[in-house]
Amino acid sequence: MHLDDRWPGHPRLLPDESISSWFTRTAAANGLRPGELYRIVQPGGDRNPRDLDRHADDCLLDLLAGKTGVPVDDLKHATFRRWAGRLFEHDDGLNKLVWLPPAGREGGRRCFGQQVCPWCLRADAQPYLRLNWRLSFSTTCPIHGRLLLDRCPSCAEPFSILRQDGRGAICCPGCGADLRDFTGDEPAFDTISVQRDLLGLIREGWRDLGDYGPVYSFVVLEILAQLLRLLAGGKHAHALRLWLAEQAPSLAVRPESLPRARDGALLTPRARGVLVAMAHWLLAEWPHRFVEAAKAAGMTSTDLRKRSVGEYPFAYAHAVDWHLKEPHKGDATEEIMVAAQMLHDHGQSASRQNLVALCGTKLGSMGGVADPVASGLPWGKGRYWKLDGVSPEVKAAARLAAHRAGEDVGPWLDALLRRMLGLCAIKTPFDRHDPDTITLDANVGCEG
């Protein structure tokens, strides 16, 4: 006779439910909190489970499938593995997933990767979280047309389904507010069509990027993320937004409504939705709109490609180098020599700094023409001096003795060492003071 070893509570997965949401409901069905159930299935693990949507491993999924009767393939489909090879190339658990930021708290940081629609939660017979709400380009509920929430409106704490009691309601882990009591605001403009197009891109797995032909969907989304970063922050972000607003008036918003941010994933859903729509518009007709925008904002390949070529998608790096790379300046040695002579004629040093100021640009051939850099002041002539292993008391006594001799510490020490080592028989100003009479004075720090 086969014994059913499933847990007493084993709810089924709901449509598009994330495994974190299902795990919380499973814990509640068995009278446990998520952390308590996690310590049962993962003894010796963290007190609070990590983001299960991303970090649920095969062993955990197999155990949960056996204890609940839910097929393991369905559980895997409720994690980020659903999008492997389409939204991202692969996930080793360590690399940053561009469109899937972490949720709750991770490494002491507040992470706003979990979004919710309070209107959907109110309509649910059993409130649960959708996995699609984890996508950072999804900012508006396609059913209710309202902005998603990524933090508690009461205390601004990020949502974390695994940090609550799981008694049926989905609450803020910070203040305990029921998320169904809130309401999402209206977006700045309709972004649902952009979200629908990006979800379709993930399902198809590829897109035609003009002359670059069919390109994998995760590559297209990586280019989109790069455009989002350019629009979110940097010295050219404002110029790009102004140009784009002139070309596409439907995307125009007040500048103060879009704060500058180094990482667009940290912005609120309202601002993020606007920037995703702008980046999506630039991605169309690739690379012509993007190139035109970059030229209008005065951007060159130096601004658009900070890392090596291999660290960018080919369709992006090639478009930048082909259309926006600055022309080669060639060898300007003769011109630099004329500039150096002009500096000498006016009694100035032809240093690299002076050559750059005169020519108005930095050229590689300046190094071979510029006057050599002076070696600087002799050792010890500056304000500070150092001898490794010398105690602070000896340094203070030496500084006082040099001051009394009317010398800087460096030359005074040099003369003392030469005398002791028998390297110098020439009289120096130091000879006015017998070094054998130097003693450590407890009050040296009080004198000039």
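Asp 414 and Arg 418 sit four residues apart in helix H18, so about one helical turn separates them. Their side chains form a salt bridge, with the closest N and O atoms 3.0 Å apart. The model shown here is predicted.

How exposed are the two partners? Asp 414 is partly exposed, with a relative accessible area of 36%. Arg 418 also counts as partly exposed, at 36% relative accessibility.

## Other salt bridges

How many salt bridges does a search of the whole structure find? The count is 19. One of them joins the side chains of Arg 81 and Asp 58, at 2.6 Å from N to O. Arg 81 lies in the loop between helix H5 (72-77) and strand S1 (103-106), while Asp 58 belongs to helix H4 (residues 58-68), so this pair ties together parts that are 23 residues apart in sequence. Arg 81 is partly exposed, with a relative accessible area of 35%. Asp 58 is partly exposed too, at 39% relative accessibility.

Asp 197 pairs with Arg 207 in another salt bridge. Here the closest N and O atoms are 2.9 Å apart. Asp 197 is in helix H7 (residues 192-204) and Arg 207 is in strand S3 (residues 206-208), ten residues apart; the pair links distant parts of the chain. Asp 197 has a relative accessible area of 26%, which makes this residue partly exposed.

Some salt bridges share partners. They join Arg 105, Arg 110, Glu 157 and Arg 163 into one network.

Leu 417, Met 420, Leu 421 and Leu 423 make a nonpolar surface patch. The patch covers about 440 Å². Leu 423 is found in the segment after helix H18 (409-421). Is Leu 423 buried or exposed? Leu 423 counts as exposed, because its relative accessibility is 57% and the cut-off for exposed is over 50%.

## The largest pocket

The largest pocket holds about 1,100 Å³ of space. Its lining is made by 38 residues. Which of them lie nearest the centre of the pocket? They are Glu 222, Ala 225, Gln 226, Arg 229 and Arg 307.

Helix H8 (217-232), helix H9 (237-247) and helix H12 (301-304) are the elements that give two or more residues to this lining. H8 gives the most, with eight residues. By class, the lining of the pocket has 18 nonpolar, eight polar and twelve charged residues.

## Cavities

The structure also holds five cavities of 30 Å³ or more. The largest cavity contains about 50 Å³ of space.

H8 and helix H11 (288-296) are the elements that give two or more residues to the lining of the largest cavity. What is the make-up of this lining by class? The lining has ten nonpolar residues, no polar residues and no charged residues.

Conventions. Residues numbered from 1 in each chain as written. Predicted model: local features only at pLDDT ≥ 70, side-chain atom pairs only at ≥ 80, totals over all residues. Heavy atoms only, no water. Patch = residues over 30% accessible without salt bridge, like charges linked within 9 Å, V, L, I, M, F, W, Y side chains within 5 Å. Areas by Shrake-Rupley, 256 points an atom, 1.4 Å probe, with all protein chains shown as cover. Salt bridge = Lys/Arg side-chain N within 4 Å of Asp/Glu carboxyl O. Buried < 20%, exposed > 50% of the residue type's maximum accessible area, 1.4 Å probe, protein only. 1 Å grid on protein atoms, 1.4 Å probe; cavity = no way out; pocket = protein on both sides within 12 Å on 5 of 7 lines; lining within 4 Å. Points joined across faces, edges and corners; volume = space filled by probe spheres on them. Nonpolar A, V, L, I, M, F, W, Y, C, P; charged D, E, K, R; others polar.
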